[in-house]
Amino acid sequence: MDKIKIWTIDGSDVQEVQPTNQTQSERWLEENIVSKPELLMPGLTLVGRQTQTEGGPLDLLGVDSDGRLVLFELKRGTLSRDAVAQIVDYASHLEGMSSESLVRHIADNSGEHGIDRIEDFYEWHAGNFEADSLDSLTPIRLFLVGLGVDDRTEQMVNFLADKGVDISLLTFHGFQHDGKTLMARIMPVESHGESPSRRARRRVSVEEGWELETKRARERGVYDLFIDVMKMFRENWPSSDENYGTRLEFGPSIRLRQPNGRRRAHALITPYHGMVMIVFFPVAVELCKEDFSPLLKQVRYQTYPKHRISNPLKGSAPQIQFLVSNDEWGAHKEKLADLTSAVYAAWENAN
């Protein structure tokens, strides 16, 4: 294991900066990393701390600047091979969850230990990142954080990285100089290139995305319905932009951008077998709850979170997902068109 040394040089005077003892460094890590997540990664937002999994509480959970989930296992000392097994255990637990369970897990465990509360992770993610679906959350990035690393652990992490696991070592070293604590950080191991699964999650152009989505709509027997729903949004939301996700699991996204570019009133249109799902996200619902109220008595729908189905417009709005077949679309098209127009008008008035 390498050892870092630092010297101060003033002309011919060269002096070694003395390392802090481990206890001082441990205390620094424990007290400061959560308040300064940029020490771990530029653009990182922490969304969980000591969140429970089947294997025990994971130390830190974050989202990187690309909207991807990042897991940090923090050891207050030298990283050992036990830490490798631990972080892989946590990651396998999280990636084994459904998207719905994962976002609920994150939201339910936020708001504690210095982490901001996230009421609706789906909306928070959509409003803060360019990704158009939660598909961008995985595969999870893994970081082992400690005060040095032993040779066996470094060998194991290198092996996993070579096999395509996005796992890295992140080590800190503490020093004392002129009454101040200095921290040095090195990252001796990083993933060697993109894994095939990560490359497959690239964003697609509007043209390519439209071709793939219409093909999927044909395969699922809802091509004409899908085209009609998309036409309705394009006519009623003239200033919207149309974006496609990375693997198109959630379909195209018709979005209205807010002036600050962060929170968006937007909808999602997804072809399923025999029906199309029209999703209005909470920002859109909040703009005109009164217009949603009568439709909830007439049009088949579901909500996210699911427990909001009984009274979705009480309190903060959930995500509302209308489900329409060809017959249902014929019966409710005008009502849904009026709703999309109302949302757009409310959005314009609010801005």
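Is Thr340 buried or exposed? Thr340 is buried, with a relative accessible area of 0%. This comes from a predicted model, so please read every value below as computed from that model.

**Thr340 in helix α11**
- Thr340 is part of helix α11, which covers residues 326–350.
- Setting aside residues up to four places away in sequence, Thr340 touches Met232, Phe233, Asn236, Trp237 and Phe280.
- Its relative accessible area of 0% counts as buried because the cut-off for that word is under 20%.

**Met277 in strand β12**
- Strand β12 runs over residues 275–280, and Met277 lies in it.
- Met277 is buried too, at a relative accessible area of 8%.
- Beyond its neighbours within four places in sequence, Met277 is in contact with Leu268, Ile269, Thr270 and Tyr272, and also with Gln302, Gln321, Phe322 and Leu323.
- Tyr301 is 24 residues from Met277 in sequence, while their C-alpha atoms are 8.9 Å apart in space.

**Helix α5 and its buried side**
- Helix α5 (residues 151–162) has 12 residues, which at 1.5 Å a residue should span 16 Å; its end C-alpha atoms are 16 Å apart, in agreement with that.
- Thr153, Val157 and Ala161 are the buried residues of α5.
- These residues lie on the same side of α5, because they cover an arc of only 70 degrees around the axis.
- An α-helix has 3.6 residues a turn, so residues three or four places apart point the same way.
- Gln155 and Asp162, on the other side of α5, are exposed.
- The cover over the buried residues of α5 includes α2 (81–95), β6 (141–146) and β7 (167–177).

**Helices α7 and α8 side by side**
- Helix α7 (residues 206–219) packs with helix α8 (residues 223–236) at an angle of about 135 degrees, and their axes are 7 Å apart.
- The two helices are therefore oblique to each other.
- From α7, the contact is made by Trp210, Glu213, Thr214, Ala217 and Arg218.
- From α8, the contact is made by Tyr223, Phe226, Ile227, Met230 and Arg234.
- Sorted by type, the residues of this contact are 6 nonpolar, 1 polar and 3 charged.

Methods:
Residues numbered from 1 in each chain as written. Predicted model: local features only at pLDDT ≥ 70, side-chain atom pairs only at ≥ 80, totals over all residues. Heavy atoms only, no water. Axes fitted to C-alpha atoms, helices over the stretch in contact; angles between N-to-C directions. Helix = DSSP H or I, 4+ residues; strand = E, 2+ residues; numbered from the N terminus. Parallel < 35°, antiparallel > 145°, perpendicular 65-115°, else oblique. Contact = heavy atoms within 4.5 Å. Nonpolar A, V, L, I, M, F, W, Y, C, P; charged D, E, K, R; others polar. Buried < 20%, exposed > 50% of the residue type's maximum accessible area, 1.4 Å probe, protein only. Expected span 1.5 Å × (residues − 1). Arc of directions from axis to C-beta.
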